[in-house]
Amino acid sequence: MDNAVVVTHPHTHETAVHEEHHHVALPQHRHHFETEEQQREAGTFGMWLFLLTEIMFFGGLFFAYLLYRNWYYDAFVSASNQLNVTLGAINTVILIGSGFFMALGVWAAEVRKRSLLVLFLVLTTVLGFAFLGIKYVEYHEKWEKHHIPGEHFDISEFVNPPIDAKTGKASEKPLAPDMAQKTQVFFSLYFAMTGMHAVHMIIGIVLLFWLTWRAYYGEFSSGYVAPIENFGLYWHFVDIVWLFLFPLLYLINRHPLK
Amino acid sequence: MSTTSSTIINLPDQRTATLPKRNYLNNEHGLLSWLLTGDHKRIAILYLISITFFFFIGGVFAGLIRLELLTPQPDLMASDTYNKMFSMHGIVMIFLFLVPSVPATLGNFLIPIMLGTRDLAFPKINLLSWYLYLAGGTFTLAALIFGGVDTGWTFTTPLSTHYLNTNVVTAATAIFIAGFSSIFTGLNFIVTIHRMRAPGMTWFRMPLFVWAHYAASVLMVLGTPVLAITIVLVALERTIGIGVFDPTKGGDPLLFQHLFWFYSHPAVYIMILPGMGVISEIVSTFSRKRVFGYTAVAFSSVAIALFGFFVWAHHMFIMGVSNYSALVFSLLTMLVAVPSAIKIFNWAFTLQKGSITFETPMLYAFAFFGLFTIGGMTGVFLGALGMDIHLTETYFIVAHFHYVMVGGMLMAFLGGIHFWWPKMTGRMYPESFSKLSAVTSFIGFNLTFMPQFILGYLGMPRRYHAYPAEYQVLNVLSTAGATVLGVGFLLPLLYLTWSLRYGAIAGNNPWQATGLEWQIQSPPLTENFIETPIVDHEAYDYEWLAHKTQQEVTTVG
């Protein structure tokens with residue numbers, strides 16, 4: 001009897017009662033999970049693990065930032081002062097708003113309100129686009145100022161800062177040419193970090209379209225909220241990355257020049 | 001040892017075995033049923049086919065390298081071509097063979113069954129990771145066809161970003177994509193091990209194979225993203241000229257080394273840990289004994305994973321890191337030898353007074369013991385600061401790495417493939433041929449790489465296609481060994497394919513092993529288990545198996 005499929009131990013008749021799980025026959029329930037609870041837990045756990053990999057992904061960049069900021073402190077201060085704090089602050093508010101609507105979306109899915117869910121997802125998407133739009137304006141500004149690393153990068157503004165017409169003083173502490181060269185490292189990191197963040201936003205927006213479409217057809221109105229919830233985790237993670245990027249890139253050591 | 005009296009030495013008679021009518025292989029038909037499958041067993045087979053393909057591609061490069069080194073003069077190929085050969089050999093073998101080898105094939109196939117569940121937690125992500133692997137492989141082949149890469153597999157900056165006009169970005173894309181394949185595999189394993197265990201399957205009842213994969217998965221999940229961002233930065237530096245690693249713009253190439261080795265050192269543990277898991281299963285099965293010091297072996301996997309994250313700078317001793325950090329990293333490197341030795345000693349004690357038989361998987365396991373021990377010990381030489389300065393960037397390090405990766409991992413992989421072949425296909429491999437191939441690869445391997453230790457110690461640098469004439473004898477030996485080794489690797493490909501049709505029918509449990517995977521039919525059903533098993537015994541409990549087998553016999557009458 002080599003082919004007999006004997007799996008359970010013969011002495012487990014009394015425990016075999018556990019076997020007769022009440023199998024919930026919801027359409028989203030996957031066959032290989034014992035219960036829907038297990039499926040949901042596995043999904044959320046998987047998402048948190050994925051976010052952990054994302055932390056490591058951005059971690060490499062943050063490490064590089066930390067290192068070079070210590071080495072080239074003056075260049076980082078001057079270069080950081082070139083960023084547009086107003087636009088950055090507006091973007092921070094927009095992103096927090098977007099995260100707020102996402103949280104409301106999760107709530108709407110949990111209380112099974114289809115149209116509210118769709119509305120909140122759309123609002124999340126709109127604010128996501130707004131963020132990327134402002135980011136584009138900022139990138140364009142850098143392009144015009146020759147602050148994009150590479151062949152056209154220009155350090156003259158850091159060596160000979162423009163003179164303020166009112167005070168007659170330099171608007172910025174001038175840097176020695178070799179230190180001014182290091183502003184390129186700052187902008188390299190600026191573009192790598194905000195660029196990677198923007199890529200995550202774009203991926204998120206694509207997923208938002210897909211989720212909105214599914215929500216519109218009522219897929220998440222019957223108590224099945226796992227995709228919304230897990231996407232919410234992702235979206236909040238992207239927000240949080242920005243909440244670190246904004247002070248590190250825009251605000252750190254921003255001081256009014258006397 | 002009182003338990004030895006009850007161990008089973010008689011293997012079941014396979015002449016009475018029949019192939020089950022319904023199994024995961026014949027459940028559905030057609031190419032699409034394979035390409036769109038969510039079944040972890042089918043995905044494992046898909047992986048097995050694709051990594052075998054890339055293994056032989058990488059092998060061809062190895063063969064050409066050895067052929068060039070047959071003579072001191074550069075006569076077979078130009079130096080640039082030679083650079084491309086060893087770079088492609090490294091990239092293909094590491095990212096497309098060694099990293100996915102055991103986890104993606106055997107791990108994929110076995111972990112759900114060993115845990116008593118029907119599939120991995122995320123079957124679609126599992127399939128996605130195979131497609132990502134294929135995409136990574138395609139980009140690698142593209143880089144090859146468009147003219148190859150000659151940075152070495154390490155992508156050292158600024159060489160890779162500034163001085164070469166080969167297909168660095170294509171190869172970088174390949175590694176980036178293949179990396180995500182590995183991240184998703186690791187993520188799937190961790191979630192499955194945490195959330196999908198059958199009732200009664202506690203953490204310390206899990207087979208050591210699962211523990212080893214758990215440790216390796218943690219490394220995959222935490223290490224690979226760092227490689228991904230490093231590769232992105234290299235690609236950005238090469239294409240649009242950002243300056244994170246570029247000294248002319250204020251960047252530091254050493255930062256690249258730190259970030260690269262932060263992944264690539266743990267990566268060697270990603271490669272070896274699953275192999276160690278395979279060895280634990282094989283040693284226990286063919287000694288008919290519980291693995292000695294189960295808990296110690298389980299925790300040593302976790303310890304290797306943990307220590308593995310804090311030794312990366314030992315690749316950089318000659319790159320100008322500070323003496324103090326070199327000292328600390330050297331000490332930490334020595335520390336890794338402790339859990340590795342715990343494993344080796346515990347396996348040795350498992351053998352003690354066991355009822356040992358020498359089936360092919362066991363031969364591979366013995367090859368692993370010897371070769372991995374040599375590889376590990378020479379690793380301690382390289383971890384010692386003074387020795388490292390003499391030995392690094394020579395053939396000594398090439399030999400060390402190959403002793404661990406080929407002698408360790410590849411032997412474990414082949415041992416595992418032979419061990420679970422009956423389970424995966426339902427048929428036995430031909431025993432005499434496979435023993436021949438195991439012995440051939442052992443002899444061939446030593447002949448190839450033992451001379452390289454001496455060459456390296458004498459000072460022959462790696463990555464050169466010409467060398468002084470006095471090194472020729474040892475190089476000829478090495479090339480001759482590579483030929484034997486090639487035969488040893490080609491043989492399994494032939495007879496395993498043959499056995500798919502003509503092999504003896506295996507039956508459920510040809511080795512009388514205790515794992516859950518051996519208690520179900522071979523090949524298994526798509527759903528693995530008809531009803532969820534309830535686990536009420538430890539791993540490697542041979543008394544439980546003997547008792548169960550007796551019960552089966554009495555019920556059949």
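In the predicted model, the contact between the two chains takes 46 residues from chain A and 52 residues from chain B. On the side of chain A that touches chain B, the elements that give two or more residues are α1 (36-71) and α7 (183-216). Helix α1(A) gives the most, with 17 residues. By class, this side of chain A is made up of 22 nonpolar, 17 polar and seven charged residues.

A:Gln38 is placed in helix α1 of chain A. With residues up to four places away in sequence left out, A:Gln38 touches A:Phe33 and B:Arg195. A:Gln38 has 17 other C-beta atoms within 10 Å and is therefore partly exposed. A:Leu104 lies 66 residues from A:Gln38 along the chain, and the C-alpha atoms of the two are separated by 25 Å.

The largest nonpolar core has 232 residues, and the members that touch the most others are A:Leu189, A:Ala192, B:Ala215 and B:Leu273. Helix α8 (residues 208-239) of chain B supplies the largest share of this core, 23 residues. Residues up to four places away in sequence aside, A:Leu189 touches A:Leu61, A:Ala64, A:Tyr65 and A:Tyr68, together with B:Val244.

Chain A contains eight helices and zero strands, and its elements run α-α-α-α-α-α-α-α from the N terminus on. Of the 258 residues in chain A, 34% are buried. Among contacts in chain A between residues at least 6 apart in sequence, 76% join residues at least 24 apart. In helix α2 (residues 73-81) of chain A, the buried residues are A:Ala75, A:Phe76, A:Ser78, A:Ala79 and A:Ser80. The buried residues of α2(A) pack against α1, α5 (156-159), α6 (177-181), α7 and α8 (226-251) of chain A.

The pLDDT of chain A averages 85, and 87% of the residues score at least 70. Where pLDDT is low, predicted coordinates should not be read in detail.

A:His146 lies in the loop between α4 (114-144) and α5 of chain A. A:His146 is not a glycine, yet its phi is positive, at about 60°. This residue is partly exposed, because 15 other C-beta atoms lie within 10 Å.

Chain B has 17 helices and zero strands. Of its 557 residues, 58% are buried. Among the contacts in chain B with a separation of 6 or more, residues 24 or more positions apart account for 86%. The C-alpha atoms of chain B fill a box of roughly 80 × 45 × 45 Å along the principal axes. For 557 residues, a compact globule would have a radius of gyration near 24 Å, so the 23 Å of chain B agrees with that expectation.

Helix α12 (residues 360-383) of chain B has 24 residues, which at 1.5 Å a residue should span 34 Å; the end C-alpha atoms are 34 Å apart, so the two values agree. α12(B) is mostly covered, with 18 of its 24 residues buried.

Several loop residues of chain B were also examined. B:Met460 is placed in the loop between α15 (431-458) and α16 (472-502) of chain B. B:Met460 has 21 C-beta neighbours inside 10 Å and therefore counts as buried. Residues up to four places away in sequence excluded, B:Met460 touches B:Thr394, B:Tyr395, B:Leu455, B:Tyr467 and B:Tyr471. B:Glu393 is 67 residues from B:Met460 in sequence, with a C-alpha to C-alpha distance of 8.8 Å.

A cis peptide bond joins B:Thr157 and B:Pro158, with omega about -5°; B:Pro158 is in the loop between α5 (123-145) and α6 (159-163) of chain B. A cis peptide bond also joins B:Ser522 and B:Pro523, where omega is about -10°. B:Pro523 is in the loop between α16 and α17 (542-556) of chain B, and B:Tyr540 likewise lies in the loop between α16 and α17. Phi of B:Tyr540 is positive, near 60°, in a residue other than glycine. B:Tyr540 is buried, because 25 other C-beta atoms lie within 10 Å.

How values were computed: Residues are numbered from 1 along each chain as its sequence is written. Chains are lettered from A and ligands numbered from 1 in the order in which they are written. This is a predicted model: local features need pLDDT of at least 70, side-chain atom pairs count only at pLDDT 80 or more; totals for chains, interfaces and linings use all residues. Two residues are in contact if their C-beta atoms, placed from the backbone, lie within 7 Å. Helices (H or I, at least four residues) and strands (E, at least two) are DSSP runs, numbered from the N terminus. Ala, Val, Leu, Ile, Met, Phe, Trp, Tyr, Cys and Pro count as nonpolar, Asp, Glu, Lys and Arg as charged, and the others, Gly among them, as polar. The expected span of a helix is 1.5 Å times one less than its number of residues. A residue is buried if 20 or more other C-beta atoms lie within 10 Å of its own, exposed if 12 or fewer, and partly exposed in between; C-beta atoms are placed from the backbone. A nonpolar core is a set of buried Ala, Val, Leu, Ile, Met, Phe, Trp, Tyr and Cys residues joined through C-beta atoms within 7 Å. The radius of gyration is taken over C-alpha atoms; the globule rule is 2.2 Å times the number of residues to the power 0.38. pLDDT is the predictor's confidence in each residue, from 0 to 100.
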